[in-house]
Amino acid sequence: METVTSLLAILVGFLLRLVIPIAGTVVLIYFLRKLDARWQAEAERPPMPAQKVECWKMKGCSPEQRKNCAAASSPLPCWQVFRQPNGYLLEECISCKVFIDTPTPALKAETRRI
């Protein structure tokens with residue numbers, strides 16, 4: 001009877017030390033491969049064309065305000081035009097609807113690494 005108990009204890013120990021971690025690793029690998037396949041599919045999609053958000057339309061600026069605004073004549077987004085010399089954004093730009101609602105630009109195909 002002691003032999004059966006000892007053998008059972010060895011099998012349980014083997015199961016706990018090897019089989020369960022290996023099974024967990026296999027499950028983790030499966031999910032990581034699915035995630036990688038999804039990311040690869042997203043990378044293959046063509047990037048959305050970048051569009052300049054016209055902040056004066058969203059803010060309702062008058063033509064005179066637009067004429068005196070540096071952002072209206074710049075190809076850069078308005079928050080880039082008004083960026084401080086140290087690189088920080090103005091507090092009013094961070095809370096602005098134009099800044100918040102602008103989509104994140106996609107990388108161009110030639111700059112994407114494979």
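**The second largest pocket**

Helix α2 supplies the largest share of the lining of the second largest pocket, three residues. Before going on: this is a predicted model, in which local features need pLDDT of at least 70 and side-chain atom pairs count only at pLDDT 80 or more, while totals for chains, interfaces and linings use all residues. Residues are numbered from 1 along each chain as its sequence is written, and side-chain values use heavy atoms, with hydrogens and water left out.

A pocket here is an open set of points on a 1 Å grid over the protein atoms alone, where a 1.4 Å probe fits, with protein on both sides within 12 Å along at least five of seven lines; lining residues have an atom within 4 Å of a point. Helices are DSSP runs of H or I with at least four residues, strands are runs of E with at least two, and both are numbered from the N terminus.

The second largest pocket holds about 200 Å³ of space, the volume being the space filled by probe spheres set on the points, which are joined across faces, edges and corners. Two or more lining residues come from each of α2 (55-59), α3 (63-67), α4 (78-81) and α5 (91-94). There are 15 lining residues, and Cys55, Lys59, Cys69, Cys78 and Phe82 lie nearest the centre.

What classes make up the lining? Eleven residues are nonpolar, one is polar and three are charged. For the classes, Ala, Val, Leu, Ile, Met, Phe, Trp, Tyr, Cys and Pro count as nonpolar, Asp, Glu, Lys and Arg as charged, and the others, Gly among them, as polar.

**The chain and helix α1**

The protein chain has six helices and zero strands. Of its 114 residues, 9% are buried, where buried means under 20% relative accessible area, exposed over 50%, and partly exposed in between, with a 1.4 Å probe and protein chains only.

The structure contains one salt bridge, defined as a side-chain nitrogen of Lys or Arg within 4 Å of a carboxyl oxygen of Asp or Glu. Arg38 pairs with Glu42, and the closest N and O atoms are 3.8 Å apart. Why about one helical turn between them? Because Arg38 and Glu42 are four residues apart in helix α1. Glu42 has 40% relative accessibility, so Glu42 counts as partly exposed.

Phe14 is also in helix α1, which covers residues 2-44. Phe14 counts as partly exposed because its relative accessibility is 47%.

**Two single residues**

Lys57 sits in helix α2 and counts as exposed, at 59% relative accessibility.

Ala72 is in the loop between α3 and α4. With a relative accessible area of 23%, Ala72 is partly exposed. From Ala72 to Cys55, 17 residues apart along the chain, the C-alpha separation is 8.1 Å.
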